[in-house]
Amino acid sequence: MATGTTVNLRLLIQATNKAAKTVQSLQGQLNEVSKAAQELATKSKKAGDKGAYSMTKLGGAIGKLPAKLDKVKNGLEGIGTAGLSLLGVAASLSATVFFPIKSAADFEKALSKVTAVTSGAVEKFDELKSAASELGRTTRFTATEAAEGMIFLGQAGFEAGEVISGIGPALTLASAAGVTLAESADIATNVIQAMRLPVEELTQATDILSTTFSSSNTNLLQLADALGYAAPLAAAAGVSLEETAAIIGVLGNNGIQASQAGTAMRGMLRSLAAPSKAAKEILEDLGVQIKINADGSLDLIGVLRQLSEAQLTTAQANKLFGRFAAAGALAVTANIGQLEELIEANYNAAGATKRMAAIMKDNVRGALTKVTSALDGLRRSFGDPLLIPIKNLLFVVADLITSLTNFVSQFPIVTKVVGITTGVVIALTASLGFLLLALSSVGAAAGALSKILQQ
């Protein structure tokens, strides 16, 4: 009997010791949880205070908006009879569609991408922003659209200073041709790079393009497509943009447009720059000499003029240029006078793009577009001061959520034993209380902002 009792006591003591170790281990883990919870509570309180401060600043900034909007609206309504035509504008100022944060945020996002893809943009950020803002104020494009055009220039390898000087001509070309700013910027950069021209000649290049598509049966997109095929070889042969574009224009007048025109001109250049034995025989029979200028450039127009005077035949054109370029060569040589007129117009094209852009916007739709652009600038002027407190607010929300997620991931034991230790409960309650308080103060605003920015 005594022996059994002794054994039972020994087993009880062993079980008690084992349980004590388990409890001690659990207590250690709970102590770590309690410490982490207290740290989270402190961090949450600081974040909550920061969120409240951001909300206060944001609330103050937003609170000033109604008075500003009413002032502008009253000013418009006070114009009198003329104000009746601006009622739509006045209404938009007080409507939710005017809410300025989205315009300002979109502009900020576009400028960020300009900075990311453009060399030297960080140092010239204020100048880039000012240039885009000014174009948004004075043209049919918004400042955000101007900044998006800058992105294409930056991606094409232009440095910040070149982007600032180049965006204006690209924008004017878009207005003149009725294309998007993205298309215009892409075309302008492709053309001057393919023709090996410096960015300082971008305005001149856009004037040449405008004169060509307005004086021949081609549009800007077709002209750009053709130049994509012909410009690199033309530049290598020393043929000017004025002459290259004019040839493409004449081809367009004869139904040879876009890539077909570019392929035809490229074939003509190849055949004349390095004529085959058969081509040399044809040229000799026609009495045509390929002249190379003192600077090493090909006198392409001189050769085409000689071929026109020699009355190039279809059979001769096929042997000289090949079947893909023969039709183009015949079209150009048959209209040499038209070609020379267009070349002269291109050499005197200065100011053509601005004149065309002015004509294109001198109508009701043009005026309405400019009003829309101006309204966007007005939105941004109200929205810009809100961006910093909004950004701080959203960073607070992200930081709080990340902290809570990390805490739960680090201490999964909390979900099992959170009710055992009063100290842990108190710490967690304080922590979660601060978290919920901070999140409740900023969560609704963050959700509303997210919806606005996604529109």
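A: Helices here are DSSP runs of at least four residues, numbered from the N terminus. In this predicted model, Ser-216 belongs to the loop that links helix H8 (202-215) to helix H9 (220-237). A polar atom of the Ser-216 side chain lies 2.6 Å from the backbone oxygen of Thr-212. Leaving aside residues up to four places away in sequence, Ser-216 touches Gly-249, Asn-253 and Leu-342.

The helix to consider next is H10, which spans residues 241-253 and contains Ile-248. With a relative accessible area of 1%, Ile-248 is buried. Once residues up to four places away in sequence are set aside, the contacts of Ile-248 are Leu-223, Ala-226, Leu-227, Ala-261 and Met-265. The C-alpha atom of Ile-248 is also separated by 9.4 Å from that of Leu-339, a residue 91 positions apart from Ile-248 along the chain.

H10 also takes part in the cover over another helix, H15: the elements covering the buried residues of H15 include H10, helix H11 (258-273), helix H13 (300-309), helix H14 (314-321) and helix H16 (336-347). Within H15 itself, which runs over residues 323-333, the buried residues are Ala-325, Ala-326, Gly-328, Ala-329, Ala-331, Val-332 and Thr-333. As background to such a list, residues three or four places apart in an α-helix point the same way, because the helix has 3.6 residues a turn.

Most residues other than glycine have a negative phi.

For the setting as a whole, the protein chain has 20 helices and zero strands, and buried residues make up 42% of its 455 residues. Among contacts with a separation of 6 or more, 77% join residues 24 or more positions apart. The chain exposes about 23,400 Å², of which carbon and sulfur atoms supply 57%.

Terms used. Residues numbered from 1 in each chain as written. Predicted model: local features only at pLDDT ≥ 70, side-chain atom pairs only at ≥ 80, totals over all residues. Heavy atoms only, no water. Helix = DSSP H or I, 4+ residues; strand = E, 2+ residues; numbered from the N terminus. Polar contact = N/O pair within 3.5 Å; in protein donor to acceptor, adjacent residues only side chain to side chain. Contact = heavy atoms within 4.5 Å. Buried < 20%, exposed > 50% of the residue type's maximum accessible area, 1.4 Å probe, protein only. Areas by Shrake-Rupley, 256 points an atom, 1.4 Å probe, with all protein chains shown as cover.
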